[in-house]
Amino acid sequence: MNSLLDFFSFADPNIRFVVIGSVLLTASSAIVGTFTFLHKKSLVGDAIAHAVLPGICLGFILSGTKNPAYLIAGAFVTGWISLIGVEYITRHTRIKEDTAIGLVLSVFFGIGILMLTVIQKSGNASQSGLDHFLFGKAAALVGQDLLVFGTVAVLLLLAVFLLFKEFSLLAFDKDYAKAIGLPVRGIELTLTSLIVLAVVIGIQAVGVVLMAAILITPAAAARFWTNKINIMILLASVFGAFSGLSGAYISYIAPAMPTGPWIVIVISTIAFISFFFAPKRGVVNRLLRQRNIRRTINDENVLKTLYQLSEESRNFFIQRSAEEIIRRRRFSLETLTKVLNRLKRQGYLEQTGKHWSLTEEGKNRGQRVVRIHRLWELYLTTHLNIAPDHVHDDADTIEHLLTPELEAELEKLLNYPKVDPHKSEIPYA
Amino acid sequence: MNDLYIIITASLVASSCALLGCYLILRKMAMVGDAISHAVLPGIVIAFLISGSRDSMTMLIGAGLIGILTTFLIEFLHKKARLQTDASIGVTFTWLFAIGVVLISLFAGKVDLDQDCVLYGEIAYVPLDTLIIGNQSIGPRALYIMGIILAAIILFIVFGYKELFLTTFDPAYATAIGISTTLWHYLLMGAVSATTVASFESVGAILVVALLIAPAATAYLLTDNLKWMLALACMAGVAASVTGYYIAVWLDGSIAGAIAMMAGVIFIVAMLFSPTHGIFTKKFSRTASIAS
């Protein structure tokens with residue numbers, strides 16, 4: 001507990017550096033990553049992340065120091081080469097894009113590993129710490145490094161802020177962007193450069209291997225909470241910053257732990273919670289909603305059937321057995337029993353022994369479904385010129401969906417008709 | 001002798017990966033292979049903790065299951081959560097890989113694996129870990145394991161050739177004549193996982209990907225015949241292993257890294273000079289036909 005207090009009091013300037021640094025890195029990656037995600041370039045981000053490794057080694061070999069400016073320059077160069085490679089292979093051979101990405105990613109990474117091992121054995125004393133780029137070490141962010149990485153992060157944010165409209169437009173409607181004369185190619189190149197830059201600075205926190213996660217996972221998580229791009233970016237950056245903060249904390253209390261994987265575990269947990277439990281798009285809520293719709297449809301179909309069974313005798317409160325219902329409309333006995341019991345609980349049906357009868361409310365609801373069904377059939381035949389024998393299925397769906405307002409409008413439009421195209425009576429309450 | 005052991009082990013890994021890689025890239029699943037090779041890591045660590053040793057069936061089976069779980073999770077996120085495919089792949093494998101690395105750090109004392117080994121393997125140490133029967137050392141253990149894996153994959157392809165072929169090229173027809181595409185899909189994924197795990201010690205996670213994709217992509221540019229493609233992919237893989245090994249020795253660097261690099265170089269050569277699909281070849285024949 002003490003360590004938590006120590007950490008969050010930010011008394012130690014080193015901790016302050018690390019916190020500011022890692023939050024800035026992860027948040028800016030998340031923001032750029034939102035566009036990576038929306039442009040469907042998630043795996044390209046992964047390829048760039050692996051491909052910067054040889055660049056970092058090259059920067060070190062050429063400059064002989066670990067000065068981040070050289071490493072960033074090197075990483076930027078190989079990151080770009082890898083992208084050009086993917087595009088060249090996809091365009092000029094019959095290899096598909098995903099294969100090209102995997103190929104470039106693994107080969108560049110192999111070259112990077114080869115260079116890294118050669119450097120490690122070269123006996124150059126200043127090389128120690130280069131391997132932090134593999135799994136990241138937020139705690140290694142101090143002083144001058146932070147200044148360089150921080151500047152790049154701020155530049156990234158500025159660029160996204162200035163080009164926000166263009167990036168969004170391209171993500172959703174490229175053809176339109178072309179049509180109104182935007183320099184599509186130029187904007188895409190800018191975005192790609194930003195991705196490369198985000199990767200280059202982000203690997204300081206999470207490392208090469210898991211970089212793709214802090215680019216796209218915050219965006220993927222944010223996507224489940226909103227349909228608005230600015231809120232999505234805000235959420236993604238908050239998720240990213242939170243995971244960065246957790247990573248910095250872990251780096252502080254357990255220096256032997258690799259920071260990157262922990263950051264990724266935190267952000268993935270947020271993502272999985274979003275995938276499952278987000279209110280509208282989450283899996284659980286969507287499945288619940290689907291179940292409710294299915295239930296409503298079954299309920300209404302049973303009420304409708306009971307109503308129709310009594311239409312000729314006009315005595316709607318007659319008791320009927322489950323078999324009678326099934327004879328009129330096919331249900332499995334199991335489903336039907338469930339539906340009947342549910343309708344009884346809701347007060348639409350009454351049960352006497354093995355027989356069921358409609359209540360006043362049940363009759364009204366069944367009648368409404370029948371009315372909408374027949375109104376819709378009539379509407380389709382009179383206003384859309386569809387043959388009367390082709391309208392039933394469509395009406396069978398719409399009868400559960402039409403709102404009272406639309407129902408009223410439909411009645412008015414058709415001038416309160418008495419019969420449907422099959423000469424069945426349209427019942428009014 | 002040690003050189004030979006390393007080269008043979010690498011070639012066995014390369015051939016196993018190349019054979020499966022052909023099917024992966026033809027099914028447009030290269031990145032799923034990438035994802036599996038990362039995602040088996042937690043499976044390996046957990047199997048390690050349970051069984052306490054490396055060479056157990058638990059590990060192969062455990063990792064096979066995790067591989068299938070990965071494919072399943074990717075599909076679940078894509079179909080049920082409606083996340084776009086590229087993002088479902090990216091989220092799934094980074095998550096599992098991160099768990100694996102953290103597990104390794106947490107149980108550093110108990111697990112004979114380290115983070116670097118996860119990335120680029122320890123093929124240089126292959127000859128040190130020998131299999132002993134009776135009192136006689138009969139060569140490196142990894143050599144035998146990879147030999148068995150390769151044999152199993154060859155048997156899988158020979159006996160499932162028709163099924164794999166049809167489910168790859170014409171899944172609708174395959175289903176129509178009663179071949180389960182789902183079953184063969186998961187069998188293939190299981191095979192990829194098992195191979196990844198077995199190759200893990202030698203070449204590490206990311207370089208398995210290089211061997212899965214690069215030789216198969218090379219072969220894909222050289223022929224239109226699946227049998228030839230399988231054979232050529234193996235050859236490309238073995239060529240990369242041999243040349244890569246000597247380059248690594250010359251530079252005194254990671255053998256696995258050098259093999260991945262050579263796999264890339266061989267691909268570039270095929271891309272430029274393939275008799276049928278090469279970029280230069282096509283350009284040249286076009287100029288020639290215009291001239292004549």
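Begin with the largest nonpolar core of this predicted model: it has 209 residues, a nonpolar core being a set of buried Ala, Val, Leu, Ile, Met, Phe, Trp, Tyr and Cys residues joined through C-beta atoms within 7 Å. Buried denotes 20 or more other C-beta atoms within 10 Å of a residue's own, with C-beta atoms placed from the backbone. Select Val52(A), Leu211(B), Ala216(B), Ala233(B) and Ala263(B), which have the most contacts inside this core.

Centre on Ala263(B). Beyond its neighbours within four places in sequence, its contacts (C-beta atoms within 7 Å) include Val107(A), Leu211(B) and Pro215(B). A second, separate core of 22 residues includes Val302(A), Val339(A), Val370(A) and Leu375(A).

Chain A contains 19 helices and three strands, and 46% of its 429 residues count as buried. Its C-alpha atoms fill a box of roughly 100 × 55 × 35 Å along the principal axes.

Finally, select strands E2 (residues 349-352) and E3 (residues 355-358) of chain A, which run antiparallel and are joined by four bridges; pairing requires at least two DSSP bridges. Gln351(A) has Trp356(A) as its bridge partner in E3(A). Two residues lie between the strands of this hairpin, where Gly353(A) takes a positive phi near 60°.

Residues are numbered from 1 along each chain as its sequence is written, and chains are lettered from A and ligands numbered from 1 in the order in which they are written. In this predicted model, local features need pLDDT of at least 70 and side-chain atom pairs count only at pLDDT 80 or more, whereas totals for chains, interfaces and linings use all residues.

Methods: Buried ≥ 20, exposed ≤ 12 C-beta atoms within 10 Å, placed from the backbone. Contact = placed C-beta atoms within 7 Å.
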